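Hi everyone, thanks for making time for this.

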Amino acid sequence: MGLLNNWHYAFMMTKVSPVLKTVLLYNFRGKFPFGDYILYTNFSLTIKEVKHLWRWNDCLGKYRRRLIMRIDDFERPAETNVLCSNWRRWKQPIIWFQGTTDAVAAQFFLKNVQRQMRIAASALFGSPEHLQSRPNAYGELMRFIVSPSADVEEAVNWALNGGPDPHIAVHMRMLMSRSPRAVKAAVTCIKKAVNRNCPHVARPRVVLVSDTPFIIKDIASQLQDFAEVLHFDYELFKGNISGSKAKKMRQLDFRVKDWGPAPRWVAFVDFFLASRARYAVVTGAQRRVGTTYAQLIAAMAAASHPPGWDYNGDTNFSLFSSFQNNLLYEGLRNQVGWGHVWNRFAGPLGCRHQPSQCALTPVIPPAWWDAPWQSPIPRDIRRMESYGIKLTSSGKVDVDHLQSFCKSRKNVLKTIPISRRCSGLSC
């Protein structure tokens, strides 16, 4: 599982907890992931720590409450209760919502047949009809839960070279391609972001992040006339993180085309460097624009805006998607992927033969097809049917069909005891 998919999993659990008034856990066992490079808030707990606290406070002896975890597996449509049950009434103190590695699964609660669940989910995710005015819940969670380790912070500060935070961050997922059209579209999009979001800045600082090293040089050469370009060059950096410990995370040869040639620890430095952006994030790609990595960079950056900025729909911070014209020849048909930010626009309502675009992009990827110009692809229509959702060609949900499906299905209950049957620290 990739770095940001892991984070999506963890943040989704934390995000949904207030909806359910219970504890949701990602199955961190002895330690949190990537703990050498990321610091986690002291308010987070592993299952091992919860077990210890349960015994320490003798919850079984005092309250006759065993530590039980209920498992709901989103990847098994016939078994998940995400659309049919009122999770707020479940008695188990811990819920493991399994198989949720993107922003989509938790948003299924927006269509839950139980009104109480829909209201609670809407408070967190906002209205799926208004994509640009939805809460930046993932960004706020990241700002509270994670921060860079001292070694990563040292590398970020080295890249900033004593200057202020960047105004714009650019992430290009090029898969070792050197597409001139992608570069041209990205440069145009960067200029739009500067003119729209920070026109008062005479020479903005722009940080570039990419899996493809030579694309950095191609874009930088076209920005230097009007911007100060920043980039973390890991080969020149001689800090603690670049030493012998980092060799444990050297890139695997078969992953180079997918993740780039840099060691994996560089992804953490790039993430926290790019998330310092004050006004905008621009995301571009060889194929699919708007990766999970770029999405969470933008969410983190938006949540870290200076005091006094307004994030109630009309904000100085924006996420832009840069599309070169060849990606738009058949509309957004090729921008597919279950949790991908543009997947819900990939259906027949998408406009074809468009020129290069610099599109405002929602910070939270949509999970439904309620907004204008959204429509499902056949593969997603079939997948939704397995969850009991019948979609029209324009993406509207047949509520009566879902109600009937939920009444006819068998309720699935799967639990795992975590605490022992005895009580106290001696058991």
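Let's begin with strand β3, where both faces are covered: Ile68, Arg70 and Asp72 on one side, and Met69, Ile71 and Asp73 on the other, are all buried. Buried here means under 20% relative accessible area, exposed means over 50%, and partly exposed is in between, with a 1.4 Å probe and protein chains only. Six of the six residues of β3, 68–73, are buried, so the strand is largely enclosed by the rest of the structure. Strands are DSSP runs of E with at least two residues, helices are runs of H or I with at least four, and both are numbered from the N terminus.

A quick word on the source: this is a predicted model, where local features need pLDDT of at least 70 and side-chain atom pairs count only at pLDDT 80 or more, while totals for chains, interfaces and linings use all residues. Residues are numbered from 1 along each chain as its sequence is written, and side-chain values use heavy atoms, leaving out hydrogens and water.

Now, which strands pair with β3? Strand β4, residues 94–98, pairs with β3 in the parallel sense over five bridges, and Asp73 stands opposite Gln98 there. Strand β12 runs antiparallel to β3, joined by three bridges, with Ile416 as the bridge partner of Met69. Pairing requires that DSSP finds at least two bridges between two strands.

Thr415 sits in β12, which covers residues 415–417. Is Thr415 buried or partly exposed? At 36% relative accessibility, Thr415 counts as partly exposed. Leaving aside residues up to four places away in sequence, Thr415 touches Ile68, Met69, Arg70 and Gln92; contact means heavy atoms within 4.5 Å. Thr415 and Trp96 are 319 residues apart along the chain, yet their C-alpha atoms are separated by 9.5 Å.

Over to another sheet. Six strands form an open sheet with mixed pairing, in the order β8-β7-β6-β9-β10-β11. β8 (228–230) and β11 (357–360) stand at the edges with a single partner strand each, so one side of each has no neighbour in the sheet. Inside that order, β6 (168–173) and β9 (280–285) pair in the parallel sense over six bridges, and Ile168 stands opposite Ala280.

That's my tour, and I'm happy to go back to any part of it.
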